[in-house]
Amino acid sequence: MRTPLAILAALLVSFDAGAQPPQEPNLAPREAAPFDLTGQWVAIVNEDWRYRMMTAPPGDYVGLPLNAAGRRIADAWDPADDGACEAYGAAGLMRMPTRLRIAWDGDDALIVETDAGEQRRRLLFGDSDPGPRSLQGHSIARWTRAAAAPGLFPRSAGPPTSGYLEVVTTNLSPGWLRRNGVPYSADAVLTEYFDRFQAPNGDEWLMVTSIVEDPAYLTQPLVTSSHFRRESDSGNWNLEPCAAG
């Protein structure tokens, strides 16, 4: 299983302008996909259990690089607001104990639905009008792969056989990094890397590495990794709407 550090090490190669190969010009994003993300996935909470499975009290933001303004807002959070939809915005959604349903919408967009908070994200390959700000924002996706390197991702002709889905989300409305009101602002930018791999026992895994940058409330980027295991059928889907403000 690839660790977050291994993911980030590989990404440093792809960030180099000379290392990123061009997109396949004659293939639609669906055809160019190096792996299949579709289906139902369940979150496996293997870190930060206290903050992901439970609602912490006001002012508990251990491990988050909040500045003074962010701490003031988190300290003032009212527990009566527990369950509010702000906790299910894009910058915090993948940390929820949720199931994902991922499907293609045509050849150039992926739809990601969650049962926790009953949210729907649209990951678009190609730019478009972002529209009004929203909890899920405006997400632009692309397939990426690193240049050839020993032990990394060797290149081959045609669609890539290994790589990541990179998603950059902007145009967000303010939300929470944790369900106890730890804030991110409308200036936040969320960058995600989706990777799929198979465990030795045959289980299929999805790892989402997320980087939240927010000049309003964070002193540095917040990097997390969330793990999901593919489910063999669509059972256990349990819609739990969030509480609109």
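Colleague: What is the torsion about the S-S bond of Cys85 and Cys242, and is the disulfide right-handed or left-handed?

Modeller: This is a predicted model, to start with. The S-S torsion of Cys85 and Cys242 is about 85°, so the disulfide is right-handed.

Colleague: Which parts does the pair tie together?

Modeller: Cys85 sits in the loop between helix H4 (68-75) and H5, and Cys242 in the segment after strand S13 (240-241), so the pair links parts that are 157 residues apart in sequence.

Colleague: How far apart are the sulfur atoms of Cys85 and Cys242?

Modeller: The sulfur atoms of Cys85 and Cys242 are 1.9 Å apart. With a cut-off of 2.5 Å between cysteine sulfur atoms, the count comes to 1 disulfide.

Colleague: Is Cys85 buried or exposed? And Cys242, buried or exposed?

Modeller: Cys85 has a relative accessible area of 12%, so it counts as buried. Cys242 is at 17% and is buried as well. The cut-off for buried is under 20%.

Colleague: Changing topic. Where is Arg95 found?

Modeller: Arg95 is in the loop between helix H5 (90-93) and strand S2 (99-104).

Colleague: Why does Arg95 count as buried?

Modeller: Because its relative accessibility is 12%.

Colleague: What does the side chain of Arg95 reach?

Modeller: The backbone oxygen of Ser225, at 2.8 Å.

Colleague: Which residues is Arg95 in contact with, leaving aside neighbours within four places in sequence?

Modeller: Arg95 contacts Glu47, Asp48 and Arg52, along with Thr224, Ser225 and Ser226.

Conventions: Residues numbered from 1 in each chain as written. Predicted model: local features only at pLDDT ≥ 70, side-chain atom pairs only at ≥ 80, totals over all residues. Heavy atoms only, no water. Helix = DSSP H or I, 4+ residues; strand = E, 2+ residues; numbered from the N terminus. Buried < 20%, exposed > 50% of the residue type's maximum accessible area, 1.4 Å probe, protein only. Polar contact = N/O pair within 3.5 Å; in protein donor to acceptor, adjacent residues only side chain to side chain. Contact = heavy atoms within 4.5 Å.
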